[in-house]
Each structure stands twice: as structure tokens, then as C-alpha cells.
Amino acid sequence: MFGLFEHIRTRLLRRRRRERISLAALFRQFQQVLELNNRILTAIASMHDKLGGDYIFDVQYLRTSKQFIVDTVRELIDAFDAMAPGRYPDLYSSFRDIRHKLESELERRPVLPDIMAMPFSDIRLKDMDAAGAKSTRLAIIAKASAGTVPSGFAVTTSAYRLFMEFNDIEDEIVRLEGAWRGGEMSVQEASGKIRSRILAGHIPPRVRRAMGRELESLRRGPGEGHLRLSVRSSAWGEDGDLSFAGQYDSFLNVRPEDLHDAYRKVLASTYSPAAMEYRREYDFKPNEVFMAVSVQAMVEARTSGVVYSLSPVRRGESGIEIAATWGLGSPVVSGEVEVDRFLVSREPEHALLRQAVAHKPTALRPGAEGSVSTEAVDEALRDAPSLSPEEVRLLADTAIRLEQYFKKPQDIEFAFEPSGALIVLQSRPLRIEADDPHSPDLSDVLKEYPVLLSGEGDVAQQGVASGPVFVAWEGRDLEEFPVGAILVAHLSSPQYAAVLPKASGVITDIGSPLGHMATIAREYRVPALLNASRATLVLKEGDVVTLDAEQKTVYQGLVRELRMHDFMSDRMEETYEYRLLRRMLKLIEPLYLLDPEENNFTPQGCRTMHDIARFIHEKAVEILTEIPTTSGASEACPGGRLELPVPMDLVVLDIGGGLTEDCAEGADKPSHRRTVRPDQVRSETLRAFIEGVTLEGVWQSHPVPVDFSSFMSSMTRTFSADAAGVKRMGQNLAVVSDRYLHLSLKLGYHFTLIDCYRSEDDLRNSVQFRFAGGVTGAVRRSRRARFLSEVLKGFDFSVTVKDDLVVARAKGWMARDLGRLMRILGLLVAYTRQLDVSMVSDSRIFEHCQEFEHIAEEAVGN
């Protein structure tokens with residue numbers, strides 16, 4: 001029996017030692033997590049910078065960068081696993097899956113999603129590799145309400161790959177292409193043999209079923225029983241940075257029963273002589289050839305044509321070019337007929353600058369049994385404009401909106417239905433060659449425009465943007481954000497992600513190019529200047545400005561010459577290495593885990609390396625907040641009850657360098673029986689908090705009157721540990737080290753959490769404040785929350801409020817002076833202790849804000 005007790009005692013002692021060691025090492029692991037996380041974000045930003053077109057790099061650079069990211073993320077997971085042993089094993093699985101996909105891309109085995117067909121309504125920007133640029137652009141135009149598009153679906157690149165494997169065609173293509181490239185046969189001969197094999201192929205059953213499901217959905221749409229289809233190419237690279245215009249086949253007015261034949265014909269056009277020569281010209285590798293097919297409901301076109309949002313032929317005139325004719329538009333793009341031409345001003349009124357109406361005796365129209373045919377046009381319409389002045393203005397306005405949305409001049413195909421509705425059939429980047437991208441006249445032109453901001457801020461995404469200023473003040477409805485506006489905000493918050501696809505540019509007072517908003521701006525290629533200090537003070541709502549992010553300059557007015565220079569600047573976007581980098585970044589950079597409260601915020605939800613870093617950072621902070629509830633933590637750490645002149649009952653636990661060495665004496669006693677004097681606190685942030693919370697005259701100790709309804713409200717309220725963020729309520733705790741401070745406070749009926757981290761580099765400091773609860777009813781508690789929000793925003797915190805819950809964060813530049821911020825938070829804890837009781841009206845919010853501002857100014861200065 002004695003041996004059993006001794007065994008248990010030994011196990012307990014070993015456990016105590018492990019806890020002491022783990023608690024002593026925990027914060028060092030946390031510091032390592034923060035450092036590795038920063039390395040990853042820096043590496044991602046560096047890789048993305050190469051997309052700006054100003055760098056030359058090769059595949060070896062991509063291999064080295066990939067390996068650095070992979071090794072650093074693996075090291076990050078290991079460091080985090082040391083903090084939470086075995087708690088998140090699925091992180092390793094997600095990491096291995098992403099690593100495998102990156103390696104596949106580098107080994108020329110592109111990663112494609114295992115889906116055969118996608119309706120336009122389900123396609124997102126991330127699906128471009130699956131659906132192709134043409135279908136993806138139509139889908140996002142519809143989602144952004146930038147134009148009306150046909151209903152339809154994409155047969156994916158994965159379906160193309162399955163078709164090739166199912167019919168055993170791939171090896172034959174490699175052999176025939178090799179013979180052509182080696183000069184052993186003509187491109188016409190190689191093309192003919194490849195296309196014959198494809199046209200004779202069988203569509204795999206899985207692809208047939210997927211096409212059948214989507215076709216049935218289209219049948220249930222408008223025009224049921226008379227459905228005709230437009231079957232068009234949507235290949236990799238097509239309508240992206242390269243146009244592939246006219247290289248692939250399209251088929252109009254296809255009957256549903258003929259869809260499979262049309263699909264095979266589009267696949268076969270992948271290897272037309274023109275397309276093969278075009279790919280060789282731009283160094284497309286065999287592994288980059290994937291054809292998705294766009295299947296659209298046929299539009300009954302009264303008038304069709306093409307719009308160039310920026311004239312590619314009239315260099316001296318900054319106008320919009322429109323070409324149109326009666327009926328279907330394929331003769332316009334193929335140059336087979338004379339067309340009406342319109343040159344329209346790019347200014348908002350879109351004045352008609354020039355018009356030339358052609359003689360149009362015939363029009364291409366859908367046939368009754370499918371296909372299309374040329375028909376005679378009524379004599380009264382042959383010499384009449386095919387577009388009304390109102391339709392010309394609508395086209396010009398749509399072209400500018402699409403240009404602003406896609407951040408480049410656009411080549412747009414359109415159709416007007418008999419009802420007058422405008423349908424966007426296609427929008428792709430317009431290729432315009434620059435006469436002289438380094439024109440010496442530009443500097444002279446810029447002298448004419450007043451400079452509003454210059455030389456301030458950090459560049460998150462290069463480029464030039466023009467548009468009206470939209471100031472995102474606190475609480476403003478972001479649904480009001482107009483397409484093409486420049487977002488101006490105090491903080492670079494991820495909450496603005498929803499408007500970035502519509503924004504032409506972003507400017508913030510505070511922010512970091514390594515933050516989440518910067519990542520999203522790079523993903524959408526929105527020129528972004530963060531940390532510009534005075535943006536919200538200088539830039540006025542509605543004023544038109546031009547942002548040159550690269551030069552960190554904001555001009556008053558629309559600087560057309562600078563915008564044109566940016567449009568026509570030479571880029572590297574057509575090289576194989578550039579295209580490979582973009583595909584790799586899709587597995588590295590995008591951030592899908594935004595909200596820790598969402599169901600997808602799990603290891604299994606990590607889809608990119610950035611997701612893994614984001615998940616670990618959030619959970620590492622959460623683990624530190626659990627220290628006070630760790631079994632044996634208070635006994636294993638030096639510390640004790642802090643002697644304060646206010647009745648706060650605060651127990652301090654030191655996990656490394658937060659208290660002086662003499663506080664380790666008496667560590668065999670429970671923490672609540674030990675005492676710590678303020679002069680024994682070595683942590684600068686805890687000392688600053690103590691200074692604020694004990695400021696004479698701020699802490700109210702006398703009883704305050706509580707009305708009966710508030711008393712009953714407090715009696716019936718229940719507080720969950722999750723809501724408060726503290727699992728062991730009833731004891732005020734401070735977990736402290738030389739660089740970290742965690743405060744868990746229960747004062748009366750409200751709960752406060754504060755996490756503070758001081759980095760070796762002040763620009764990486766961070767503070768988080770969380771407040772909830774109160775003694776009164778919901779209205780008064782919400783008023784106190786609004787008071788806290790207004791005060792914290794005044795000290796550069798990013799604040800979120802929900803009912804009586806307030807969450808505020810300050811990072812980087814915002815938190816460079818931690819001592820000042822912690823004194824402010826100490827003042828707030830003291831000042832708001834019983835504040836909800838006095839919140840009898842909304843006017844009291846403003847009154848208390850003024851009073852607190854006066855107290856803070858005297859205590860800590862401006």
C-alpha cells in the first residue's frame with residue numbers, strides 16, 4: 001500500500017515539475033509563434049510584390065520561395081504544437097495537403113478541383129482555374145451588380161482532363177506537338193490529327209451527368225421549352241492577361257440535344273493551328289493547356305457589338321469606342337461586315353464625340369432549327385443607327401464600371417434584347433501598347449495637379465487609382481459604397497473586404513502591409529496605401545482624387561495621364577513564370593479564415609498557408625488566456641496578491657521576468673496567501689495599467705443607487721464563461737512576463753480581458769481589450785458599450801460592438817506606445833466600474849466621453 005501511495009506521490013511531483021517547466025517555456029513558444037508568423041507574412045508579401053511586373057524571376061526563385069514558406073509553416077505548426085500538445089493534429093493534415101498541391105504545381109501537374117460542371121451562380125474568383133476566365137468574369141460581374149449576364153454554367157477544366165484521360169489522347173498530343181515543334185510536320189497536319197482524335201472521343205459518363213444536371217436547371221429558367229445555347233471556350237489564359245481572341249471556336253443557337261457535339265468541337269479547337277502557334281509565341285507549356293467550356297442561355301439579340309472602354313486606336317483622344325450592328329454580334333468581332341461606330345467621352349455625361357452609321361443590309365439571326373443564318377434587314381433600318389443615344393450612354397457607363405471593377409481597360413461584347421435590356425456577353429482585359437511608358441512629359445503634367453498627400457504610408461499594392469472619396473466612418477453602411485470609389489478609412493480593418501472588389505483604391509490612416517486587409521487588396525489587385533497618417537483628415541467625402549500608390553502620392557482631381565500611363569505600363573504578366581507564381585499564390589496567400597466565431601475556423605478549414613498561420617496566431621493567444629485556469633498554475637508561478645490602494649483583489653502570476661526575483665520566495669504557498677508590492681512589478685505594461693487603475697479620484701468605492709428594474713435585471717442575468725472569456729470567474733488575475741500581460745478581471749457584474757504583447761520591434765506590438773456585462777438592463781449596458789467604443793477609437797483602437805460586448809484591438813503602429821495605451825485601459829477599468837448605472841439617457845454617453853477625455857489628457861497627455 002505504501003508503495004502505491006509513493007508511486008502516486010511521485011507521479012504528482014513529476015506532473016508538478018512538468019507544469020512548472022511548461023509554464024516557464026510556454027511564453028517562449030508563444031514568442032516563437034509570433035516571430036514565425038511574421039516571417040510567413042513577410043515572405044507572402046514579397047512573393048506577391050513580384051506580380052507587380054517590376055521584377056524578373058525564374059522557376060528557381062519560385063522553388064526557393066515555396067520551400068521557405070513550407071519550412072517556416074511547418075516550424076510554426078511544431079512551435080504551436082509545443083504550446084498545445086496534440087490538441088490540433090489536423091493542422092498537419094491540412095499542411096501536407098497544401099504542400100502537395102504546391103509541389104504538384106511546380107512539377108507541372110496543376111491542381112484542379114474535382115468538379116465537372118459549375119453554375120455561374122456558384123462561381124467565385126477562386127474558381128478561375130476550374131471555370132476559366134470567361135465564365136468566371138461573367139459570374140463575378142453578376143455578383144457585383146456591374147452588369148446583367150446570361151444564365152449558364154461552366155464545364156470545367158477537370159472535365160477536360162478527364163475527357164483526355166478517358167479517351168487516352170494525352171500521349172498522342174505530346175507526340176504530335178513534339179513532332180511539330182521539332183519541324184517534322186506542319187502545324188496544320190499536327191492540328192488535324194489531334195482534333196480528329198478529340199472529335200471521335202466519348203464524353204465520360206461523369207461529365208455527361210454533370211452537364212445534364214446543369215442543362216436541366218437552365219431548362220427551368222425563362223423561355224422554358226425554347227432554350228437555345230451559346231457554347232463558347234473558356235480556356236486557361238483566355239480573356240485573362242492574354243486574350244486568345246479568335247483562337248478558339250464558339251457555337252451559337254445550339255439545341256440542347258446537340259450540346260455534346262458542340263462541347264467536343266470546342267475542345268477540339270484547343271488545338272487549332274492558330275491556338276497552337278499563339279501558345280508557342282507566349283511560351284505556354286503543355287501542362288498549361290486546359291479547356292473549360294462556357295454554356296450560356298442564348299440571348300435574343302436585337303443589336304450586338306463590342307465596346308472598348310479605352311480607345312486603342314485614337315491615342316490623342318481618351319474616349320470609349322463602340323461598334324454595333326443589327327442581330328448577333330459575331331460578324332462584328334470577325335470583321336465580316338460594316339458596323340456603326342461611336343466614339344464617346346469617358347466623362348460621366350458620356351457625350352457623343354463622333355458617330356459613323358454604316359449601311360447594314362443583312363444581319364445574323366438564330367435559325368428555327370438551331371445554328372444561325374444571314375437574313376435581310378428591313379429597308380427602314382439598313383441606314384439607321386443600331387443604338388439609340390440612351391443605349392450609347394448606357395454602354396459607356398457600363399464599360400467604365402467594368403473597367404473600374406477589373407482595374408484595367410476592358411474589351412466587352414454586348415447585346416441588347418428587343419425589350420431594351422443590356423446583356424454583357426463577355427469582358428476581358430484590353431491590350432493596349434504604350435508609345436513610351438517612360439514619357440518625360442508626365443512629370444510636367446503632374447505639376448498641374450495639387451498634391452494632397454505625399455511621401456507618407458506603406459504600399460500594400462502598387463498601381464494608380466482614381467475616383468470619388470468614400471470615407472468609411474464608424475458605423476457607416478458599406479452597402480452605400482459605389483463602384484469605382486476610393487475607400488478612405490482610419491483603420492485597415494478586414495471588415496472592408498466586402499467593398500474591395502468595387503473599390504478603385506484604398507487609403508488608410510493606420511495599417512500594415514502585412515495585415516489581413518493588405519492581403520485582400522493584393523488578391524483583388526486594388527492599389528492600396530496604408531498607414532498614411534492623415535488621410536481621413538485631408539481627403540473629403542465625394543472629392544475626386546488620384547492615388548499613385550507606388551509614389552505614395554495622392555493628387556486632387558482625375559489625373560488621366562497618370563491613369564493611362566499605369567494602364568499601358570509594360571508588365572511581365574505573360575511569362576510562364578508569372579503565371580506559375582499566380583497559381584502558387586492561390587495556395588499560399590488568400591485568407592479564408594477571417595472570423596474566429598465562424599464554423600469554418602478549424603484546422604480542416606485551412607485552405608492556404610496563410611490560413612494556417614492565421615489559425616495558429618488566434619489559437620496561440622487563446623491558449624495564453626487559459627493559463628489562469630491551468631491546474632497548478634498559481635502554485636507553479638512566482639507571484640501573489642497585488643497590494644493596491646483600491647479594492648481590486650488582483651492576483652499576479654509570473655511566467656518569466658514579469659516580477660522581480662524576490663517574488664519567487666514562498667512559492668510553496670498558494671498564490672492567494674502571497675503578496676506582491678507594486679515596486680516588485682518589473683513589467684512595464686502592468687505598471688502602466690496599475691498607474692491608470694489607481695489614479696486618485698477615478699475609482700468609485702461608494703455605493704451607487706440602483707433602480708428596481710436594474711436590480712431585477714442583474715438578479716436574473718446569467719453569465720457564461722464563454723461570454724466573459726474567463727473559465728474561473730470570481731478571482732482577478734494577471735499573468736505576466738517581461739513581454740506579455742494577460743488580465744482577467746471580474747468587477748461587480750462585468751468582465752474585462754486584456755492581452756498585451758510587447759515585441760522587440762515596437763511596430764509589432766499588440767493589445768486586445770474585451771468587455772462585457774453590467775448590473776443594469778440591456779439599454780444602459782449598451783450605452784456603456786457605446787461609450788467605451790467612442791473612447792477606444794479615439795486612442796487608435798479598432799473596435800467591434802455587439803450589444804454590451806466590446807472588443808477592441810490595437811496592433812503595429814497603433815500599439816507602438818504600449819505604456820500609454822495600458823494607462824488608458826487602466827483608467828477605463830476604474831472609470832467604467834459602475835458606469836452603466838448612470839447611463840440613464842443617450843446624452844450621458846457624450847457627457848462621459850468628454851469627462852473621460854479630460855481625465856485622460858491630464859493623466860497621460862494627448
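**Figure 1. The loop that holds R525.** R525 is located in the loop between α15 (516-524) and β19 (528-530). Helices (H or I, at least four residues) and strands (E, at least two) are DSSP runs, numbered from the N terminus. The structure is a predicted model, in which local features need pLDDT of at least 70 and side-chain atom pairs count only at pLDDT 80 or more, whereas totals for chains, interfaces and linings use all residues. Residues are numbered from 1 along each chain as its sequence is written, and side-chain values use heavy atoms, with hydrogens and water left out. With a relative accessibility of 24%, R525 counts as partly exposed; buried means under 20% relative accessible area, exposed over 50%, and partly exposed in between (1.4 Å probe, protein chains only). Although 62 residues separate R525 and G463 in sequence, their C-alpha atoms are 8.3 Å apart in space.

**Figure 2. The protein chain as a whole.** The secondary structure of the protein chain consists of 26 helices and 30 strands. Of its 862 residues, 53% count as buried. Among contacts (heavy atoms within 4.5 Å) in the protein chain with a separation of 6 or more, 67% are between residues 24 or more positions apart.

**Figure 3. The crossing of helices α7 and α9.** The axes of α7 (residues 187-199) and α9 (residues 259-268) come within 9 Å and cross at roughly 155 degrees. Axes are lines fitted to C-alpha atoms, for helices over the stretch in contact, and angles run from 0 to 180 degrees between N-to-C directions. The two helices α7 and α9 are therefore roughly antiparallel to each other, a term for angles over 145 degrees. R195, I198 and L199 of α7 meet R264, K265, L267 and A268 of α9. By class, this contact of α7 with α9 has four nonpolar, no polar and three charged residues. Here Ala, Val, Leu, Ile, Met, Phe, Trp, Tyr, Cys and Pro count as nonpolar, Asp, Glu, Lys and Arg as charged, and the others, Gly among them, as polar.

**Figure 4. The largest nonpolar core.** A nonpolar core is a set of buried Ala, Val, Leu, Ile, Met, Phe, Trp, Tyr and Cys residues joined through side-chain atoms within 4.5 Å. The largest one has 56 residues, and those with the most contacts inside it are M648, F689, L743, F787, F797, M822 and F852. Helix α25 (residues 818-831) supplies the largest share of this core, 10 residues. When neighbours within four places in sequence are left aside, F852 is in contact with F787, V791, F795, I824, L827, L828 and Y831. Another core, of 50 residues, lies apart from the largest one and includes L26, I77, L580 and Y757.

**Figure 5. The covered helix α21.** Helix α21 (residues 684-693) is mostly covered, with seven of its 10 residues buried. These buried residues are T685, L686, A688, F689, I690, G692 and V693. They pack against β22 (639-642), β23 (650-656), β25 (732-737), β26 (740-747), β27 (750-757) and α25.

Figure 6. Most residues other than glycine have a negative phi. D168, which is not a glycine, has a positive phi of about 55 degrees. Its place is in the loop between α5 (157-166) and α6 (170-181), and at 55% relative accessibility D168 counts as exposed. K552, also not a glycine, has a positive phi of about 55 degrees. K552 lies in the loop between β20 (544-548) and β21 (553-556) and is partly exposed, with a relative accessible area of 27%.

Definitions and conventions. Parallel < 35°, antiparallel > 145°, perpendicular 65-115°, else oblique.
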